[in-house]
Amino acid sequence: MLPETRGTNRVYMDANATTPLLAEVVEAMRPYWMETFGNASSIHLDGQRARTAVDQAREILAEFFHCHEAEVVFNSGGTEGDNTAIFGMVRPGDHLITTSIEHSAVLQAARRVGGVGGVDVTYVDPEPSGLIDPEAIRAALRPQTRLISVMLANNETGVLQPVEEIGRIAAEAGAFFHIDAVQAAGKIPLDVRRIGCHLLSISAHKMHGPKGVGALFVRRGTPLESLLVGGSHERRRRAGTENVPGIVGLGKAAELAMKSLEDGVWDRVAALRDRLETGLLRLYGTGLNGAGSDGKPVTRAANTTNLWFDQVEGEALVIALDLKGVAVSGGSACHSGATEPSHVLLAMGLDKTRARASLRFSLLKTTSDADVDRVLQVVPEAVSQLRTLSPIAAGTLG
Ligand code: PLP
């Protein structure tokens, strides 16, 4: 059964922020709070029932990643997976290569190891399209390069990075390779063997699973030091009593995501996204973030489009759309009370005004034709209202 995201007559187009649980996921999780509540480390029957559920979820995740079950480490989500990959792999004197468009879960970890951690960090910038050129990664290599960390789908633009090529470069250089696949998981098939990565992080809540649970693929033999220490859970790679209902939910979400991929669900979403994008680009003073030099979009996750609307303040547009019943995200992030333009859009070469004037629309796999119609109706209204009021348009902004 599909979740009712328009139950309150709202249109939710912020799937990259989070997604609703599918009914099957809730049903799968339900017994593991009150009936089968045991600690998966206990040897009695209650514990063993919980252990069986965790093992079954691990089998599904192994299929999802195309890896061995022993290579799946359950954790609390994308932030923990990304932090573990960085903190668990680099040591003083090492060199780390990442990109300037990573999620802050990678960027802040890289800043920390680059600051007090005595690690040299290179941040590779994207091309204006948002793509990372694998040759730029190759050019950044040094004999001390220990780890390369590059995301698969960018959370703001949806742009898919050439991770297979980067994987080959890492292998030639003898460096370890981590991928933040949080936004790609469930939307494109993942095959860690083909990609050639050592570590890959995913998060359940971006693929219709529960919040606060995720998984990290750790290739056998990767010398990863655990971030959390304590008990010997997850083969000593992640201490802490397993979140059994969460892990069961992640397993179910992964199973349903694989089915959606088989059923070609994302082709339908891509067609809806393209219709939305084409319609909005007809508006005066709009443009696409994530286009190549020919003006055409580069390869992106099927559900995401990021557009700028000149003479509009993105946050004001987010609020205006919210009032009209449409949920989207702006191209800014709120840090310590101040609205900063998106680091991703700035790295792609947008100026601050245009980055601030950008909006991300991210569709759910359940987004309907009617949802797109509604957004195509309300966005032009809101944009023209804001432009009438805009000090940017009136030229009164210093
Ligand atoms: N990486 C990317 C690309 C993301 O988009 C997010 C969440 O927005 C994360 C990591 C963090 O994941 P989580 O919310 O599970 O901590």
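In this briefing, Ala, Val, Leu, Ile, Met, Phe, Trp, Tyr, Cys and Pro count as nonpolar, Asp, Glu, Lys and Arg as charged, and the others, Gly among them, as polar. By that scheme, the shell around the ligand consists of 8 polar, 3 charged and 2 nonpolar residues. The structure is a predicted model.

**Ligand shell**
- The ligand is surrounded by 13 residues, and the closest are Thr79, Asp180, Gln183, Ser203 and Lys206.
- Helix H4 (residues 78-87) provides the largest share of this shell, with 3 residues.

**Polar contacts and burial of the ligand**
- Gly78 places a backbone N or O atom 2.8 Å from an oxygen atom of the ligand.
- The ligand taken alone exposes 390 Å², of which the protein buries 86%.

**Aromatic pairs**
- The model contains 2 aromatic pairs.
- One of them joins Phe65 and Phe217 in a tilted arrangement, with 6.2 Å between centres and 55 degrees between the planes.
- This pair connects distant parts of the chain, since Phe65 belongs to helix H3 (residues 45-65) and Phe217 to strand S8 (residues 214-218), 152 residues apart.
- Phe65 and Phe217 are both buried.
- Phe64, Phe65 and Phe217 are linked by ring pairs into a cluster.

**Charge over a ring**
- Arg354 is positioned over the face of Trp308, 3.4 Å from the ring centre.

How values were computed
Residues numbered from 1 in each chain as written. Predicted model: local features only at pLDDT ≥ 70, side-chain atom pairs only at ≥ 80, totals over all residues. Heavy atoms only, no water. Near = heavy atom within 4 Å. Polar contact = N/O pair within 3.5 Å; in protein donor to acceptor, adjacent residues only side chain to side chain. Areas by Shrake-Rupley, 256 points an atom, 1.4 Å probe, with all protein chains shown as cover. Helix = DSSP H or I, 4+ residues; strand = E, 2+ residues; numbered from the N terminus. Phe/Tyr/Trp six-rings, centres within 6.5 Å; stacked < 30°, edge-to-face > 60°. Buried < 20%, exposed > 50% of the residue type's maximum accessible area, 1.4 Å probe, protein only. Lys NZ or Arg CZ within 6 Å of the ring centre and 35° of its normal.
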